[in-house]
Amino acid sequence: MNVVIDWLAFLQVFAVALAAAATIVTFYSLGLRLLVRSGRAPVVSPAEFTDAITVISDKELKRAEKQAAKAARKSPLTEGQKLFALVGAYACFALCAAAVISGILLLVIGR
């Protein structure tokens, strides 16, 4: 039994996976940044966890939402710039989704 490893193919898969991961993370973080810049900071209410995870109270959540709304009102951007940032954020999220879906299709369908 002789096992032959195609190292060039291995390196190609590694390079593509690394590039895809970096691309998805970059566009997701850029999308979040643009979303915050447009004045729509995502405030997520905490889930109920047990043990060592600290859950914020309703009072702390309301304070965080109030601070996010205050920061959105202080934004120096015009309404057009905010709209442009929001569209850019959604475009970045769409690119992330397209990259993930194309990766899944490539695995399922093949070449």
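**Aromatic pairs and a helix contact**

Author: This predicted model holds two aromatic pairs. In Trp-7 and Phe-10 the ring centres are 5.7 Å apart and the planes stand at 85°, so this pair is edge-to-face.

Reader: Which quantities describe a pair of aromatic rings?

Author: Such a pair is described by the distance of the centres and the angle of the planes. Planes over 60 degrees apart count as edge-to-face, and Trp-7 and Phe-10, at 85°, are therefore classed that way.

Reader: Where do Trp-7 and Phe-10 lie?

Author: Both belong to helix H1 (residues 7-37), three residues apart, about one turn of the helix. Trp-7 is exposed, at 53% relative accessible area, while Phe-10 is partly exposed, at 47%.

Reader: How is the pair of Tyr-28 and Phe-93 arranged?

Author: That pair is tilted, with 5.6 Å centre to centre and 50° between the planes. It links distant parts of the chain, for Tyr-28 is in helix H1 and Phe-93 in helix H3 (residues 79-109), 65 residues apart. Tyr-28 is partly exposed at 44%, as is Phe-93 at 22%.

Reader: What describes two packed helices?

Author: One gives the angle between their axes and the distance between the axes. Here, the axes of H1 and H3 come within 8 Å and cross at roughly 155°. Angles over 145 degrees count as roughly antiparallel, and H1 and H3 are therefore roughly antiparallel to each other. The crossing is left-handed.

Reader: Which residues make the contact?

Author: Among them are Ile-24, Phe-27 and Tyr-28 of H1, and Ala-89, Cys-92 and Phe-93 of H3. The residues of this contact comprise 16 nonpolar, two polar and two charged.

Technical notes
Residues are numbered from 1 along each chain as its sequence is written. This is a predicted model: local features need pLDDT of at least 70, side-chain atom pairs count only at pLDDT 80 or more; totals for chains, interfaces and linings use all residues. Side-chain values use heavy atoms; hydrogens and water are left out. Rings of Phe, Tyr and Trp (its six-membered ring) pair if their centres lie within 6.5 Å; planes under 30 degrees apart count as stacked, over 60 as edge-to-face and the rest as tilted. Helices (H or I, at least four residues) and strands (E, at least two) are DSSP runs, numbered from the N terminus. Buried means under 20% relative accessible area, exposed over 50%, partly exposed in between (1.4 Å probe, protein chains only). Axes are lines fitted to C-alpha atoms, for helices over the stretch in contact, and angles run from 0 to 180 degrees between N-to-C directions. Angles under 35 degrees count as roughly parallel, over 145 as roughly antiparallel, 65 to 115 as roughly perpendicular and the rest as oblique. A crossing is left-handed if the near helix is turned anticlockwise from the far one by less than a right angle, and right-handed if clockwise. Contact means heavy atoms within 4.5 Å. Ala, Val, Leu, Ile, Met, Phe, Trp, Tyr, Cys and Pro count as nonpolar, Asp, Glu, Lys and Arg as charged, and the others, Gly among them, as polar.
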